[in-house]
Amino acid sequence: RLHLVTWNVGTASPPPDVTSLLQLNSLAPTMDMYVIGLQEVNSRITNFLSDLAFDDPWSIFFMTVLSPLGYIKLSSIRMQGLLLLIFVKHVHLPFIQGIHTHYTRTGLYGYWGNKGGVSIRMSLYGHTICFMNCHLPAHMENTEQRLDDFEKILEMQFEGENVPSPLGHDVLFWFGDLNFRIADYGIHFVRESINNKRFNLLWEKDQLNMAKKTEAFLKEFIEGPLQFKPTYKFDLYSDVYDTSEKKRKPAWTDRILWRVKNLCQDASKEGEFSEEEQTISVTLNNYVSHMSYGISDHKPVTGTFGLELKPLLSVPLVMLNPEGEWSAERDVIIRYSAVPEFPSSAWDWIGLFKVAFRHVNDYVTYAWVEDDEVSSNKDSKQVYMSAAEIPNMGGEFLLCYYSNNLQSIVGISEPFQIQPSRTSVEKDLMQEENSWMQKPDNLESHD
């Protein structure tokens with residue numbers, strides 16, 4: 001289950017609550033992956049420089065919301081105002097490999113990153129998936145420029161050997177502030193159609209729908225029905241369309257589309273395709289806008305998808321677990337085993353993480369698999385971790401094996417407890433005793 005968000009946030013700070021945006025209060029099963037594409041994130045030079053050194057406020061905000069729920073930030077990429085974040089449940093981490101990011105500037109003839117695309121690709125259970133967050137040129141008359149820019153973004157190449165182009169991936173998601181407008185009709189007809197919920201009257205004059213009929217490279221992209229109000233342009237903190245002097249005509253600028261490679265190939269050789277051959281399928285479960293968010297002149301749009309995958313990768317490359325009971329008072333041992341074809345490296349390491357860790361660099365401590373190895377046989381290896389590195393307070397933790405060659409976590413242990421050290425237990429007891437002694441003694445007890 002994948003939940004995809006696109007939102008032009010208009011340089012605003014994060015809102016107080018995103019429960020409905022992320023469908024966190026839904027009765028449906030929890031999501032496996034969140035893909036969040038933002039446009040017009042505040043990119044003043046001072047913000048941008050500090051964001052290069054530290055995570056930007058939006059990344060921190062989404063990590064704070066999602067990490068306690070068992071999601072980690074798998075990857076992110078930022079280009080000026082464009083930001084793409086991917087969060088995933090712990091359980092899927094060993095089956096996600098080959099993560100690459102890329103950005104393409106299209107503003108100012110390719111010299112400026114205020115417009116363009118940011119992309120993240122990966123192999124998920126052996127299937128290749130690419131996510132592309134775009135901010136295309138504005139204004140009614142720039143349809144051709146939008147199409148040209150998107151074609152340019154599609155031509156980009158990820159670094160690395162044997163990494164397919166965006167259109168070479170099994171599934172490609174394309175989303176963002178695509179800036180396509182509603183042509184021909186005047187503002188009064190458009191607003192009247194929206195007020196009467198007769199959106200279908202506007203679909204045929206939507207520039208993206210029109211382009212999909214004529215542009216070969218767009219024909220293979222699928223989009224759900226636009227059953228929600230156009231998401232641009234609103235007065236701030238309201239669901240009233242633009243009342244400024246410009247009175248912009250409403251438009252579905254914020255969109256989510258996708259393309260499944262096998263379907264495209266099989267459609268071109270009709271009759272040769274059987275259901276069994278389809279190893280990956282994409283189902284759109286929900287395509288909606290969220291009118292309650294008013295921090296910018298755009299409303300966010302979300303798409304909830306079911307990805308059905310025939311796993312081509314079903315066994316983690318590395319299995320690992322803590323040996324015996326762990327305590328913060330003594331040195332400990334990690335045991336791990338790898339599949340025969342695993343490309344290990346002297347730079348691989350095993351990290352100790354709190355269960356609600358935010359991203360791969362959020363470890364408490366780590367051990368190098370070669371330098372800290374204490375024993376090895378054909379079935380498994382043992383790695384040592386010093387008691388000095390273990391948190392005194394104990395708690396619930398995970399072990400993750402990070403592969404330098406694959407640039408990803410390839411093994412993750414079950415959660416386990418570390419017993420706190422005696423000194424920290426005694427310290428806690430003393431603090432409890434002190435706070436009890438400081439309580440007022442005039443509290444009456446009740447039966």
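A residue counts as buried when its relative accessible area is under 20%. Keep that cut-off in mind for the stops below, in a model that is predicted.

**Stop 1**

Select Tyr241. Its relative accessible area is 8%, so Tyr241 is buried.

**Stop 2: Trp174 and Phe221**

The structure has 29 aromatic pairs in total. For another of them, select Trp174 and Phe221. The ring centres are 5.4 Å apart and the planes stand at 65°, so this pair is edge-to-face. Which parts of the chain does the pair tie together? Trp174 belongs to strand 8 (residues 171–177), while Phe221 sits in the loop between helix 6 (207–214) and strand 9 (254–260), so the joined parts are 47 residues apart in sequence. Trp174 is buried at 1% relative accessibility, and Phe221 is buried at 2%.

**Stop 3: an aromatic cluster**

Select Trp347, Trp349, Phe353, Phe357, Tyr363, Tyr366, Trp368 and Tyr402 together. These residues make up one aromatic cluster.

**Stop 4: the largest nonpolar core**

In soluble globular proteins, nonpolar side chains tend to be buried together. The largest nonpolar core here has 55 residues, and the ones that touch the most other members are Met33, Phe131 and Phe173.

Next, centre the view on Met33. Beyond its neighbours within four places in sequence, Met33 has contacts that include Arg1, Leu2, His3, Ile86, Met122 and Phe131.

**Stop 5: the cysteines**

Select Cys130 and Cys134. A disulfide is a covalent bond between the sulfur atoms of two cysteines. The cysteine sulfur closest to that of Cys130 is in Cys134, but it is 9.6 Å away, too far for a bond. Across the whole structure, the number of disulfides found is zero. Cys130 is buried, with a relative accessible area of 0%. Cys400 is buried too, at 1%.

**Stop 6: confidence**

Finally, colour the chain by pLDDT. The mean is 89, and 87% of the residues reach 70 or more. Residues 270–276 fall below 50, and this stretch has three contacts in the model beyond near neighbours in sequence. Residues 439–447 also stay under 50, with zero contacts beyond four places in sequence.

Conventions: Residues numbered from 1 in each chain as written. Predicted model: local features only at pLDDT ≥ 70, side-chain atom pairs only at ≥ 80, totals over all residues. Heavy atoms only, no water. pLDDT = per-residue confidence, 0-100. Contact = heavy atoms within 4.5 Å. Core = buried A, V, L, I, M, F, W, Y, C linked by side-chain atoms within 4.5 Å. Buried < 20%, exposed > 50% of the residue type's maximum accessible area, 1.4 Å probe, protein only. Disulfide = S-S within 2.5 Å. Phe/Tyr/Trp six-rings, centres within 6.5 Å; stacked < 30°, edge-to-face > 60°. Helix = DSSP H or I, 4+ residues; strand = E, 2+ residues; numbered from the N terminus.
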